[in-house]
Amino acid sequence: EDETVQVESVKCLRVLMNTDVRLVFRIFPSSSDSLIQLKQIGFEQVLAHSHLITYITYCLYTSSHRLRSQVADLLAALCVLSLNKGHQVVLAALSDFRIAHEEKFRFEYLVESIRVRGVEEEQEIDDSGVWEYRTAALSLINAISNSPEDLEERTMLREEFTRRGLMEVLSVCIVIN
């Protein structure tokens, strides 16, 4: 039941990110000329609450591939659609994730979660949605490592993923498919 609520909450957040909200205020109740319209973009409102992104990132630590796919897609969208603030918020959330889940290094769980475990797992692929999650996680990794404009930062992030074993994980995934 919790998983369903979490999946629906992430879906709602994605919808909110794609919504423009117009607020209309009447300064003086008796005057029709006293209307003020403010436009608030849902995407900007989500970015303004970085703690929300951190809590959403914690949802990666679940056995539900469906929920992890939704979260990875949302985080990738934040990185790609807001190269500066969105990327920074996602990196900060993943750093907080590392601390909360006692990882030794940042991105450790993300890379390990897409690792192919064995033949038994591959027989259950269609039922569990594991490849859908792996695709979403790789999209997130791609967004994280390619979004920064600064070449040094991109290189540093790519090296960090390499140190976590991403190249070995990718080589096994390629062989299986």
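How many disulfides does the rule used here count, if a disulfide is a pair of cysteine sulfur atoms within 2.5 Å? The count comes to zero. This is a predicted model, in which local features need pLDDT of at least 70 and side-chain atom pairs count only at pLDDT 80 or more, while totals for chains, interfaces and linings use all residues. Residues are numbered from 1 along each chain as its sequence is written, and side-chain values use heavy atoms, with hydrogens and water left out.

**Cysteines**
- Cys12 counts as exposed (over 50% relative accessible area, with a 1.4 Å probe and protein chains only), because its relative accessibility is 51%.
- Cys59 counts as buried (under 20%), because its relative accessibility is 12%.

**Helix H3**
- In helix H3 (residues 50-58), a DSSP run of H or I with at least four residues, the buried residues are Ile53, Thr54, Ile56 and Thr57.
- Seen down the axis of H3, these buried residues fall within an arc of 165° (taken from the directions from the helix axis to the C-beta atoms), so they line one face of the helix.
- The buried residues of H3 pack against helix H1 (2-17), helix H2 (42-48), helix H4 (65-81) and H5.

**Glu103**
- Glu103 lies in the loop between helix H5 (85-100) and helix H6 (108-113), and its side chain reaches the backbone nitrogen of Tyr109 at 2.3 Å.
- Leaving aside neighbours within four places in sequence, Glu103 is in contact (heavy atoms within 4.5 Å) with Phe97, Arg98, Glu108, Tyr109 and Leu110.

Technical notes
Helix = DSSP H or I, 4+ residues; strand = E, 2+ residues; numbered from the N terminus. Polar contact = N/O pair within 3.5 Å; in protein donor to acceptor, adjacent residues only side chain to side chain. Disulfide = S-S within 2.5 Å.
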